[in-house]
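Thank you all for coming; today I would like to walk you slowly through one structure, one part at a time.

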Amino acid sequence: GVTIRIGGAGSPDSPDTKAMEVFKQKMEAELGSDVSIQLFPSSQLGTVDEMVEQVKGGVLECMYESVGDLGSFHPAANVEGVAYFYRDEDHFFRIWRGPVGKEILDAIAKDAGFRVLGPAFHGFRQFLLTKPAESLADIQGRKIRAPGIPAYIASIQALGANPATIPFEEVYTAIQQGVVDGVEQPLVAIKDQRFYEVAKHLLITNHMAETMGFMCGEPWYQGLDKRVQDAFAKSADASADWYRDYTDSSQAKVLEELVAQGVVVHKPKLDEFIAKAAADSKYDAALQPYIDKIRAVK
Amino acid sequence: MIMLLVLSVAFLVLALLAVPVAVALGLSALLVIAIWGMPGFILAQKMVNGIDSFPLLAVPFFILAAAVMNSGGITTRVVDLFSSMLGRIRGSSGVVNVGTNVFLAGISGSSVADASASGALLIPEMRKDGYSGGFAAALTAGAAVIGPIIPPSIPLVIYGVIAQVSITKLFVGAYIPGILIALALIAYVTSYARRHQLPARGRPSWGVIGRQFKGSAWALSMPLLLVVGAKGGLFTVTELGAVLVLYAIFIGWVIHREFSWRQLPELLTDAGLQTANIMLVVAVSSFIAYLVVVHGIPADIQSLLHNADLSPWEFLLLVNVVFLVAGMFLDSTPATIILVPIFLPAAKSFGVDPTHFGLVIVLNLMVGLIHPPLGLNLLITQSIAKVPMREVIWASLPVVAIILAVLLIITFVPQTVLWLPGVMGL
Amino acid sequence: MANLLASVGNGLRRVLGFLVGAALFAIVILVCIQVFSRYFIGAPTPGLAEISRILFIWMTFLGAALLVSQRQLIVIDLLHDRLSSGIFTRLKVLVDIATAVFLVFLAVYARHLMIVVGQKIAPATGISFDWFYGALLAFSVLGLFFVAERLFGASRAGQETASAAEKPIAHEGAQS
Ligand code: NA
Ligand code: NA
């Protein structure tokens with residue numbers, strides 16, 4: 001049979017890791033002993049960047065992470081950092097399971113050699129700040145931790161905050177020491193990384209969402225039997241369906257838990273955020289064709 | 001498990017034959033690659049990514065800053081002042097060294113920054129007081145262990161995330177263990193100074209001390225910059241190292257007029273080469289964690305643990321042993337990532353408090369920074385002291401023993417960790 | 001031949017020493033600019049961060065090559081006191097050969113890796129990742145040159161640098 005090793009970066013109990021386990025179960029149900037799946041969560045095989053290179057070099061079959069991590073191999077993957085793409089979850093899946101998403105993912109497979117399967121949603125990113133914030137005006141000029149990726153930086157800047165690039169593992173102490181005034185992350189990460197212990201003001205802005213997915217070496221994937229490929233695609237989509245249900249049912253619970261930890265939640269009107277992002281954002285020219293395509297999806 | 005045995009034996013044989021540590025480790029890894037048929041380019045990948053980390057920049061920054069401060073007359077002024085104030089104590093610079101590390105621990109989250117900063121400043125001073133280079137290097141390496149114990153602490157943050165334990169509670173619980181280590185090391189260094197009859201510098205009159213204080217006012221502004229800058233959110237401790245270099249050049253050049261620009265190229269190359277030497281070892285050893293994972297060693301440990309019928313005491317002792325061995329080859333982050341998920345469920349089933357368990361584990365891994373052959377702190381302080389490795393290794397054995405003794409107390413007296421958070425209602 | 005090796009080697013050592021120092025100085029300045037820019041201007045500088053990362057990698061591996069040439073790599077010298085100088089000299093040749101073996105494999109693997117990531121670019125600066133992993137190839141090639149210089153050249157110049165470099169370990173360095 002075929003052995004598939006899958007690396008991930010989520011902690012052992014995180015929903016990202018559970019989504020990998022769901023995939024494994026579905027695959028085993030489909031293919032029985034013809035397949036052996038080994039999961040390596042919590043960055044055991046290396047950082048996300050290292051895993052991407054391992055997949056590219058053919059020494060790791062697949063990884064489960066956000067498609068944006070392929071941005072250093074293909075510009076299309078960087079659309080992840082663009083603010084206010086998605087109106088809601090349905091819209092997200094209309095894009096990524098529809099023809100536009102397929103076209104973008106096929107381009108990544110053809111030009112960069114990564115096959116992305118089972119695009120999944122793990123929640124919108126929100127702002128978490130050390131000082132009270134209720135509206136767009138309150139985040140103007142605040143120092144917000146950003147990944148060192150231009151599209152993210154452009155989006156945070158467009159919203160009027162000052163992005164500061166700090167390595168992920170230093171974010172907790174950087175917030176605590178006041179090097180930054182906050183972070184923007186999905187709720188699960190805010191809970192998982194325990195950022196709520198050092199910043200108590202949550203602003204529900206839904207400004208971005210990562211596209212999670214199984215990312216495999218395209219040459220390896222094309223070498224699989226048709227039967228295994230079909231099972232793979234089916235199981236990856238099933239994992240994404242599980243993840244969507246999980247996100248729906250858990251967001252309210254996560255919010256409650258955060259409130260119980262003393263986090264103050266504000267839900268501002270998003271119109272002014274969306275308008276400001278649209279007016280002030282400037283993205284790399286290489287991204288623009290993909291941005292236009294995605295924006296055109298109803 | 002056989003893989004680990006092959007790796008360790010090959011490494012020890014080569015290292016004892018005077019093959020450089022990095023090369024010995026690299027050849028042992030090549031042997032594993034040859035026997036088990038692994039993809040070799042991952043060795044290259046891990047070597048570069050292992051040092052591609054911003055916090056490691058602290059090493060050259062602080063070594064360079066100290067070199068500039070030494071050549072600009074800043075260190076002498078401050079150390080003279082402190083020695084005068086502690087003049088009655090024999091070998092006072094050793095005590096100042098431990099104290100400096102406690103102070104730095106309150107600001108920095110990593111041991112690397114502390115070992116570089118305190119070593120570069122105080123190893124030369126300790127040698128002036130009559131300590132051997134090996135002792136000074138070993139003591140500094142041991143004292144820098146306090147860095148990631150007393151908060152802020154990057155290893156405790158990583159444990160908190162993996163184990164889903166309150167990081168605030170871990171931070172509060174870490175104070176007493178950190179202070180215990182500091183006290184134990186101060187007791188050790190003062191008794192060492194008494195036994196070896198190191199001279200006390202003698203306390204001059206208050207008038208003299210007053211003049212020294214005035215003379216070192218600018219130099220004293222540097223720790224102030226540290227506190228204000230780091231606590232005020234101006235910069236992270238790594239960045240502080242770089243700021244400190246420019247600030248020290250400014251004071252040495254403009255205020256004290258003792259710094260000469262002609263020296264700078266040599267200071268730069270020297271600091272760069274010392275860093276390169278340490279980083280090459282770090283680079284090669286970052287491949288080991290990958291070998292451990294792909295060889296399924298975590299699963300082996302898990303099944304061992306499952307089949308052994310252990311009492312809670314035996315379990316905690318086993319944890320100490322496994323993490324100490326792991327600390328020999330693995331950096332604290334991969335060790336935490338790989339091992340905590342294996343041991344934490346068992347710890348919980350034995351009724352061990354996860355906060356207490358976190359401190360035991362992090363302290364264990366920090367001992368890995370000072371035990372030979374691959375302790376990162378030892379590599380840093382040895383390269384600063386510029387003495388043969390064997391002198392540092394021999395001198396480090398009592399320091400390791402002392403910290404292990406404190407570790408045993410903390411392991412078997414959970415209140416050393418849990419009392420303070422309890423008092424604070426966490 | 002031996003003289004040529006030695007004079008190329010001496011030139012390389014000077015250049016490498018300069019590059020290591022210059023890289024460190026550049027990193028210090030870049031990080032200070034980042035701090036200033038973040039705190040006072042509020043502008044992010046991810047490009048500068050990437051450049052300082054590359055410089056640090058090159059500083060490390062160019063420095064490591066220079067250390068190979070000076071026989072200054074960290075060694076566990078537990079047995080040094082107990083060996084006769086005859087054995088010790090032969091041991092040094094063995095160490096050189098072991099180092100060369102390691103460097104040959106490293107060169108092959110580094111080259112393989114550069115082919116794998118050929119397409120990869122650093123997000124903020126657009127610099128190719130060949131520039132990150134190229135440092136490893138440079139280390140292997142330079143290190144092999146210096147080992148060859150010692151093994152085949154056996155020139156006086158090479159010996160002098162090697163023995164002169166071993167001394168500073170015994171007494172205190174420039175900064176004490
Ligand atoms: Na600390
Ligand atoms: Na270690």
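Let me start with chain C, whose secondary structure comes to five helices and zero strands, and if you follow that chain from the N terminus on, the elements run α-α-α-α-α. Please keep in mind throughout that this is a predicted model.

How much of chain C is buried? Of the 176 residues in the chain, buried residues make up 49%. When we turn to the contacts within chain C that have a separation of 6 or more, we find that 74% of them are accounted for by residues 24 or more positions apart.

The UniProt record, which is an unreviewed entry, gives the annotation "transmembrane region" to residues 15-36, 56-79, 91-111 and 131-148 of chain C. Let us look at two of these stretches in the model. Residues 91-111 of chain C are 100% helix and 0% strand, with end C-alpha atoms that lie 30 Å apart, while residues 131-148 of chain C are likewise 100% helix and 0% strand, with 26 Å between the end C-alpha atoms.

Now I move on to chain B, where UniProt, again in an unreviewed entry, places the feature "domain: TRAP C4-dicarboxylate transport system permease DctM subunit" at residues 9-415. Over residues 9-415 the model of chain B is 77% helix and 0% strand, and the end C-alpha atoms of that span are 40 Å apart.

That brings us to the place where the two chains meet. How many residues does the contact take from each chain? It takes 71 residues from chain B and 59 residues from chain C. Between them, chain B and chain C bury about 5900 Å², and 76% of this area is on carbon and sulfur atoms. On the chain B side, the residues that lose the most area to chain C are Phe41(B), Val48(B) and Arg390(B), which together make up 10% of what that side buries.

There are also polar features to point out, for the count between chain B and chain C is eight residue pairs in polar contact, and the count of salt bridges between these chains is two. One of the salt bridges joins the side chains of Arg38(C) and Glu239(B), at 2.7 Å from N to O.

Which helix of chain B gives the most to the side that touches chain C? It is helix 15, residues 264-294, with 18 residues. By class, that side of chain B has 51 nonpolar, 13 polar and seven charged residues.

How values were computed. Residues numbered from 1 in each chain as written. Chains lettered and ligands numbered in written order. Predicted model: local features only at pLDDT ≥ 70, side-chain atom pairs only at ≥ 80, totals over all residues. Heavy atoms only, no water. UniProt positions renumbered as here; feature names shortened; annotations may be inferred. Helix = DSSP H or I, 4+ residues; strand = E, 2+ residues; numbered from the N terminus. Contact = heavy atoms within 4.5 Å. Buried area = accessible area lost by both parts, 1.4 Å probe. Salt bridge = Lys/Arg side-chain N within 4 Å of Asp/Glu carboxyl O. Polar contact = N/O pair within 3.5 Å; in protein donor to acceptor, adjacent residues only side chain to side chain. Nonpolar A, V, L, I, M, F, W, Y, C, P; charged D, E, K, R; others polar. Buried < 20%, exposed > 50% of the residue type's maximum accessible area, 1.4 Å probe, protein only.
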